[in-house]
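Please look through the sequence and the model below before reading on.

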Amino acid sequence: MARVLADGKTKFTILTTAPANPAAPTATELNAGIDLSCDILSSDFTWGATDSDRVAEKALCDEGNANAIGASNYAAGLTLWRKFLTAGGFDDANETGWAALKEKGATLYGYARQMDKEATAVWAAADEIYLGAEFITDTPQRTDGSGFIKYRVGAEVQRGFPFIEVAAGA
């Protein structure tokens, strides 16, 4: 059994329209999406489950707390680099990710894979998606102005699909 370093292994794709089954997207749907794997700052990429809500449900005879696990919660946000033409101005043809993420309240679908494949490898049937989600975007925030020009986009997961597989079929 081999362990694999996580560096360079996270693929992240967004879809601007819902796949036929958001809980089981196909490789065709994902590969037609916007691959942001090389456009997102890794140090603050947030895409995953957080602690679920706790519900106090102890019986009268229980000593101490006995919480039940309630609704699932997710954290989502990313910092996206802007792209420019060498002659000046924005590179609109290569800013499809920015175009999709820049509007507050946009409903998108995001899928992240972290396994023994390179982040640049295409999606394939049976790939494990550690979190697929329908999410809405917040207003992009300017960063501290250091490094490359980039913006942080917060998001709120509306429906999460943890540890699903890419479905077979078209």
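Which residues in the largest nonpolar core touch the most other members? They are Phe12, Ile14, Leu36, Trp47, Leu101 and Phe135, out of 22 residues in that core. The model is predicted, so local features need pLDDT of at least 70 and side-chain atom pairs count only at pLDDT 80 or more, while totals for chains, interfaces and linings use all residues. Residues are numbered from 1 along each chain as its sequence is written, and side-chain values use heavy atoms, with hydrogens and water left out.

A nonpolar core here is a set of buried Ala, Val, Leu, Ile, Met, Phe, Trp, Tyr and Cys residues joined through side-chain atoms within 4.5 Å. Buried means under 20% relative accessible area, exposed means over 50%, and partly exposed lies in between (1.4 Å probe, protein chains only). In soluble globular proteins, nonpolar side chains tend to be buried together.

Back to the 22 residues of the largest core. The elements that give two or more residues to this core are strand 1 (10–15), strand 6 (73–81), helix 2 (96–101), strand 7 (107–114), strand 8 (128–137) and strand 10 (150–165). Strand 8 supplies the largest share, four residues. Helices (H or I, at least four residues) and strands (E, at least two) are DSSP runs numbered from the N terminus. A second, separate core has 10 residues, including Ala27, Tyr109, Trp123 and Val166.

Leaving out residues up to four places away in sequence, Ile14 touches Gly33, Ile34, Leu36, Ala100, Leu101, Leu108, Tyr109, Gly110 and Phe135. A contact means heavy atoms within 4.5 Å.

Now the chain as a whole. The protein chain has two helices and 10 strands, and from the N terminus on their order is β-α-β-β-β-β-β-α-β-β-β-β. Taken along the principal axes, the C-alpha atoms fill a box of roughly 75 × 40 × 35 Å. Of the 170 residues in the protein chain, 35% are buried. Among contacts with a separation of 6 or more, 67% are between residues 24 or more positions apart.

The protein chain exposes about 9900 Å², and carbon and sulfur atoms supply 52% of that area. Accessible areas come from the Shrake-Rupley method with a 1.4 Å probe; for residues, only the protein chains shown count as cover. Phe84, Phe90 and Ile149 make a nonpolar surface patch of about 290 Å². Such patches are made of residues with over 30% relative accessible area and no salt bridge, with like charges joined within 9 Å and nonpolar side chains (Val, Leu, Ile, Met, Phe, Trp, Tyr) within 5 Å. Phe90 lies in the loop between strand 6 and helix 2 and is partly exposed, with a relative accessible area of 40%.

How many salt bridges are found in the whole structure? The search finds eight, where a salt bridge is a side-chain nitrogen of Lys or Arg within 4 Å of a carboxyl oxygen of Asp or Glu. Side chains of opposite charge can pair when their charged atoms come close.

Arg152 pairs with Asp44, the closest N and O atoms being 3.3 Å apart. This pair links distant parts of the chain, 108 residues apart: Arg152 is in strand 10, and Asp44 is in the loop between strand 2 (34–35) and strand 3 (46–50). Asp44 is partly exposed, at a relative accessible area of 23%.

Arg82 and Glu95 also meet in a salt bridge, at 2.7 Å from N to O, and both Arg82 and Glu95 are buried. Arg113 forms another with Asp127, the closest N and O atoms being 2.8 Å apart. Arg113 is in strand 7 and Asp127 is in the loop between strand 7 and strand 8. Arg113 counts as buried because its relative accessibility is 0%, and Asp127 counts as buried at 3%. Arg113, Lys117 and Asp127 are linked in a network of salt bridges.

A few single residues remain. Ala126 is not a glycine, yet has a positive phi of about 80 degrees; Ala126 lies in the loop between strand 7 and strand 8. Phe163, in strand 10, has a positive phi of about 50 degrees and is exposed, with a relative accessible area of 59%.
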